[in-house]
Amino acid sequence: MKQRTLRFRIADWLYLAIAALPVLCGIVLNILTKPPTDGISIAGARIFFTIPMPLQDLPITEAQVNSFLVVISIFGLCLYITHGLSIKAETKRQHFAEWVVEKTEAMVQESMGDFFRGYAPFIAAVLALSAFSSLLTLFGIYPPTSDMNVVAGWAILVFILITYYKMKSGFLNYLKGFTKPIFVMLPLNIISEVATPVSMAFRHYGNVLSGSVIAVLIAYSLQSLSSLLLGWLPGFLGQIPFLQIGLPAILSLYFDIFSGCMQAYIFAMLTMLNISGGFAQEDYEKRKKEKLEKKNKKLKSNT
Amino acid sequence: MELAIGIILGCCALGAGICMGIGAIGPGIGEGNAVSKACEAIGRQPESKSAVTSTMIMGCAISETTGIYALVISILLIFVAPITMVNTLKSAVASLL
C-alpha cells in the first residue's frame, strides 16, 4: 500500500471531526437547554428562539437544529469515505463506499426501472437522512423524525415528485386521470391522491414517536416497580432503581435501532414505488415519438 | 366547573384507551396473516427466504399504518386534547359570567 502523507492524514482527521462534532454539539446543547423534570415527560420539540416574520413568527425548534446537525454529520462521513479514492479499490473505506453505491443503484434499478436510474443519489440521501435522524436517540438527543413537521416536509417533496412524473404524460391526461373509472369517483380520487403523503408522514413519525413514548413509560414503570420491590433495602440502596439497569437497553435495540432503520427503508421504498408507479412510461414514450415526428415534418416542410 | 373538567379528563383517557384498543385489532390480524403466509412460502421454497422476508417486512410495516393512525389519535387525546378543551371551557365560562 502507498505511504500516506501527513497532509492526507490531517484531512482525514478533519473530515472525521466534521462528522463527529455535530453529534457532540447536539449532546451539549441538549444538556444545556433541557429543563429538569421528574417522572414522565413526553414533550414535543423545544423552541430555542423565534424569528419575527411578516405573516407568522418562525420558531427555530430542536427538530430543525438537530436535522441540520445530521446533515452536516452525513456530509463529513461522505467526505471521509470518499477521501483518497483510487482506480483500483485498495482501502477498506473505498470498498465500503463502492458497496453502498452498488447496493443503492441495484435497489433503485430493481424497483423503479431503467428510466429512473438517476434517482439513486436522491434515494440514498433520503435513506441516510432518515436512518441517521432516527439513530440520534442512541445519544439521547431529540430525533428530528419524531417531529411531524420534518417528516411532512419530506413527504411533500415526494408528493411534488409524484405529481411531476404524473404530469409528464400530459397535463390534460393528468387531470383526466382523476375521473378514470367514472366521473363520480372524482372526490375519492382526490382524497386518495392527498392521502399518499399524509400516510407516509404519519407512518414514519408515529413509529419513531411510539418507540420513544414506550421507552419513557417502561423506564418510569420500572422505577416504580423497583422502589416497590427493593424499597426495604437500607439507606440509599433503596433509592437506586436497580430494575432500570439493562432492561431498557434491550427494548431500545428494537425501538431505536431496528425500527428506525426499518422506517427509513420503508420510506425510501415507498418513495420509489410511488414515483415509478404514478409514471406512465408508455404514454410518455408515445408522446415523445409524436413530438419528434412533428418536428421532423416541420423541418422537412421548411427544406 | 370541577365536574366538567373531570368529565373532560376522564373522557379523554377513556377515548384514548378505546381508540388504541380497537385500532390495534386490525393491524394485529393483518400482520399475523402476512407472517403466517410468509412462513408457509418459506417452508415450501426455502431458497427464496430472503426475498420473502424482505417483502413480508415491507407489507407488515404498511399494514401497521392504521394502527399508527390510532396511536397518533390517542397520543393527541392524552397530551393535547385535555389542555385545549379545558382552556376553551374556562374561556367560555369566563365570557358567560
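Helices are taken here as DSSP runs of H or I of at least four residues, strands as E runs of at least two, and both are numbered from the N terminus. By this assignment A:Ser276 belongs to helix H8 of chain A, which spans residues 247-278. The structure is a predicted model, in which local features need pLDDT of at least 70 and side-chain atom pairs count only at pLDDT 80 or more, whereas totals for chains, interfaces and linings use all residues. Residues are numbered from 1 along each chain as its sequence is written, chains are lettered from A and ligands numbered from 1 in the order in which they are written, and side-chain values use heavy atoms, with hydrogens and water left out.

A:Ser276 counts as buried because its relative accessibility is 18%, the term buried standing for under 20% relative accessible area, exposed for over 50%, and partly exposed for values in between (1.4 Å probe, protein chains only). When residues up to four places away in sequence are not counted, A:Ser276 touches A:Ser111, A:Met112 and A:Phe116, contact meaning heavy atoms within 4.5 Å.

A nonpolar core is defined as a set of buried Ala, Val, Leu, Ile, Met, Phe, Trp, Tyr and Cys residues joined through side-chain atoms within 4.5 Å. The largest such core has 39 residues, and those with the most contacts inside it are A:Val108, A:Met112, A:Phe116, A:Tyr119, A:Tyr165 and A:Ile275. Two or more residues are given to this core by helices H3 (92-112), H4 (120-135), H5, H7 and H8 of chain A, together with helices H3 (49-63) and H4 (65-79) of chain B. The largest share, nine residues, comes from H5(A). Apart from this core lies another, of five residues, among them A:Val70, A:Ile74, A:Leu136 and A:Ile141.

The contact between the chains takes 16 residues from chain A and twelve residues from chain B. The area buried between chain A and chain B, that is, the accessible area (1.4 Å probe) that the two parts lose on being put together, summed over both, is about 1200 Å², of which carbon and sulfur atoms give 79%. Across this interface the rule finds zero salt bridges, a salt bridge being a side-chain nitrogen of Lys or Arg within 4 Å of a carboxyl oxygen of Asp or Glu. On the side of chain A that touches chain B, the elements giving two or more residues are helix H7 (186-229) and H8, and the largest share, nine residues, comes from H7(A).

A:Ser169 is placed in the loop between helix H5 (148-167) and helix H6 (171-176) of chain A, and counts as buried because its relative accessibility is 7%. Not counting residues up to four places away in sequence, A:Ser169 touches A:Ala280, A:Asp283, A:Tyr284 and A:Arg287. A:Ser169 and A:Pro35, by contrast, are 134 residues apart in sequence and 54 Å apart in space, C-alpha to C-alpha.
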